[in-house]
Each structure stands twice: as C-alpha cells, then as structure tokens.
Amino acid sequence: MTWHVMLEVVRDGPVPLGAQIADQLRHQVERGLLTPRTRLPSSRQLAEDLRVSRSVVVEAYEKLTGEGLLESVRGSGTRVAAHADTRIRKPVVLVDRAIPPVRFNLLPGTPNPVTFPHREWTASYQRAVESARWQGLGYPPLLGVDQLRSELVSYLGRVRGVLGSPEDTMVTGGFAHALGLVCGALRELGIDRLAVEDPSHDRQRQFIEENGVRTVAVPVGPDGLEVEPLYASGVRAVLVTPSHQFPLGVPMSPRRREELVRWARDTGGWIIEDDYDGGLWLEQRGRHLALQPTGPDRVIYAGTASKLLAPGLRLGWMVLPPELTGLMERVRVRRDLGCDGLMQLAFADFLRSGLLDGHLRKMRSRYRAQHGALTRAVERFLPAATLIGPVAGLHVFAALPEGADEEALVARALGLSVLVKGGRVFHDRPHTARPGLVLGYTALGRSGVEEAIRRIGQAYDQQPGGASWAS
Ligand SMILES: Cc1ncc(COP(=O)(O)O)c(C=O)c1O
C-alpha cells in the first residue's frame, strides 16, 4: 500500500531538504492535519515521490521521532505517534480575559475605567483629528509620528530620567507588542535565550517562548535581580522591572543597577527594562528613576500607557540604544505598518498640554488613599501577612507565612466573591516559593478594598487550625 502525504520541497533554496520535510510534517501534525497513528509513506517511497535521496527522508523521520511526533512500528513503518499532541496550541493571551463575576476584584494591573479622563482625552483626540494631515492620516512612520516621539523624549527625560532622542524612540502597540519585536530582534542577533526575573509575569514567560526565545529564570533578591546567576547562565539578554519589580514590588537597588549594567557591558548583553507603571510613585520620598540612564548603550527602555491611562489604548514606547534602532525597524517592517496615527497625535497632544501630568496627580492621590485603606485592612484582618515594597503602582505584594496554603486561600476567597491571585503562580517553581497574595487595589473604592481584605482574612481564618495554621 502506498501512503500519500502532501509535501513539496524547493531545490536550491536556503533550507536543507531534510529540514523542509521535517518542518512540513511537524506543521501538519501540530495542526491536526496528520492525526495520531496515521501511517506515513516508507522512506524509500517518499524519497521517490519527492525525488530526493532516501537518507534525506530518513533524517527527517528520525528528527521527528526524536521530538516525539513520529514513531516507528515494527512491521508497519513510520506513523504519527499515538500520543502526539495534535491540538493546535492555544495562543497565549498576556492578560486574564475571563474574569469570573465577583463582587471584589483584586487582580493586579488595570486602572479602573471610571477614572479614565474622558473629557480631556476627547479634547486631545479632537484636536488630533482636526490637525491631522499626512502625519496622522497617512501611513505613520515605523518609529511613530514625529510629534509623539519628541513629546515622549521630553516627558520620559523629565519624569523617568530616560536619556533618549526621537530618532531612537519607537512607538508600539503596548509593551506586549514591544516585547514581540524585541524577541524578533534578539533572534536576528543570534540570541535565543532571555533571562527573566523569578518571580515575574507568568504569561509574559509563555509569550516570550511563543515568540521563539527560551526563558531562563533568575532569582530576585531583596536588592532586585541577582547578577551572579546571570553571569553563570551565559545568557546575553535579560528582561527586568527595576523600578517596581513585578510582582514583588521591590525596587532594584542603585548598587544592583550598576552591577547589572556592568554585566551587560562585560558580556555584550542587552537589558530590556519593562517600566510598566513608570511614574506612579505614590509618595514623594524614595522615588526610583528608570534604570536606562545608568546604561543607555545597553538598555532597551520600554513603557506603556496601559497602567497610566488605559490598556485599551494599546500604546507603548521604546527608547532604544542607537545601535539597535535600524535592526528594530527591520524586524518591524516584516510585521506591521506602524500604530494608529490619530491615537499617536492625540497622545502627543495629551502630553504636550500637561494633561497626563494632571491625570497622574489625581491618580496618585486616589491610589494613595486606596493603598492606605488596604494597608490598614491587612493589619486588622490579615495580620499574618507582611506587605512588601514601597507605596507605588497599582498593586502590592502580601507575603504569607511559610506554611500557608495559598491555593486553598485563593479558592476560599473566591467562594466569598473575592478574586485574588496567589503569589506562587509568578514563580518558575511555584511549589518551592513562599506563599503570598498579589493585591491589586485600583478596581475598588476604599470601602471595597477594606471589605475584600476582611473576606480574605475570614477565608484565612477558615483554614484548618484557624489563624494559627500558618505560624
Ligand atoms: C509586568 C507588566 N509589564 C507590562 C504590562 C503591560 O503590557 P501592555 O503595555 O501590553 O498592556 C503589564 C500588564 O499587565 C505587566 O503586568
């Protein structure tokens, strides 16, 4: 019996014939076009059909067998492995989309839509539409519209200490888009591993892997990411959140920042700085500027409007080391034609007129009040927890005693209509990590925050052994 499969090879192309066969078969298995146990043609038959030498087919079959996608069965040749994962892998979505209907949502990270400055943004958007000509209505420059890049450079210099020029600033569709572009650029540079903080944004790690770059977890200590293991890992790029570590909230100490930049210079490495809630320090003292000015030649600085205004705007930016700007444009040209020009003009207007500064002033005072309510409620209702980090951003990390059953606590809280995320899910090896809770406080008013923590305290006390179980 001759088994037929749909394959084609291109002679004289850059990809070797064996790799072409393996890639096509892999693709078909992964998409479910070739289902488990499907018999494949014999290597002799396929070689004849494709007019290639038999060893080329053998090599491709062996490769896929090694990957667990094919298996050889005595007497009946090669077939798709019985346990091959043929489901199309679900795409990774960076944020929690399916939010259960609860009364108290403490998920970290998103500003409450009721605080969005609707009137001011509408005014900026209207001015943008009225003034738009080629900039705004034509295809935008790949780096972003000129007005926005200039405004960003002066805003970021003034507020975050970032050293940059409009020529090396790129507007993106949020940080996720920037990270995808960075992964593409790293691969162009021959870098296929990226160190990430442990703990870090759980879905970001998957997102990076989906973008063809392996992640290497490097621990975060009290001063921020540890640099020794970074040297030991041999990686050439690292993703960090130095101003307000996600999710622990600890800022990277000035000494650690120096050490990290020294690592980058010693190894020719790149640092990607995710300044995700940049500028949202809720107290005057102890503010940390960006890491980028410590090493503008080695740091890719990335920021986003998602925490400052709203994630729905899909606006972000990168300030690039000049050496990387051309490469980043080349990577981008293959993926998109730039971001919404009117939105960029509107944001430029919003920055130029001081509206972002005004909005953030209001948000700081609102968040400070919510943070205060949360701190008091934790002291009263959840005294076993210790809040870590400065008063900043949109969330706070509550460390729990070693023996606490984080998973059970999160489940019980959900039963009391409180949606909260445990801290362990952010760790590379969740079961070895210390338990904790990540408490986002922007969705609720002060009384809501207090009631949510009261219920968590109740859930905590319901554990076997009550309040003492975790001691
Ligand atoms: C650590 C971190 N970085 C960045 C982002 C923002 O990503 P984006 O700008 O794509 O909305 C988030 C949002 O949840 C985040 O938690």
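The C-alpha centres of domain 1 and domain 3 lie 42 Å apart. This is a predicted model, where local features need pLDDT of at least 70, side-chain atom pairs count only at pLDDT 80 or more, and totals for chains, interfaces and linings use all residues. Residues are numbered from 1 along each chain as its sequence is written, and side-chain values use heavy atoms, leaving out hydrogens and water.

Here are the domains, with bounds from an automatic or database domain assignment.

| Domain | Residues |
|---|---|
| Domain 1 | 17-80 |
| Domain 2 | 104-110 + 357-468 |
| Domain 3 | 119-353 |

Let's visit a pocket next. The second largest pocket lies between domain 2 and domain 3, because both give residues to its lining. A pocket is an open set of points on a 1 Å grid where a 1.4 Å probe fits, with protein on both sides within 12 Å along at least five of seven lines, and lining residues have an atom within 4 Å of a point. The volume of the second largest pocket is about 270 Å³, counted as the space filled by probe spheres set on the points. Of its 14 lining residues, Pro199, Val220, Leu248, Ile388 and His427 lie nearest the centre. By class, the lining has 10 nonpolar, 2 polar and 2 charged residues.

Now for the rings. The whole structure holds 7 aromatic pairs, meaning Phe, Tyr or Trp rings (for Trp, the six-membered ring) with centres within 6.5 Å. One aromatic cluster is formed by Phe116, Trp121, Trp317, Phe347 and Phe350.

Conventions:
Nonpolar A, V, L, I, M, F, W, Y, C, P; charged D, E, K, R; others polar. Phe/Tyr/Trp six-rings, centres within 6.5 Å; stacked < 30°, edge-to-face > 60°.
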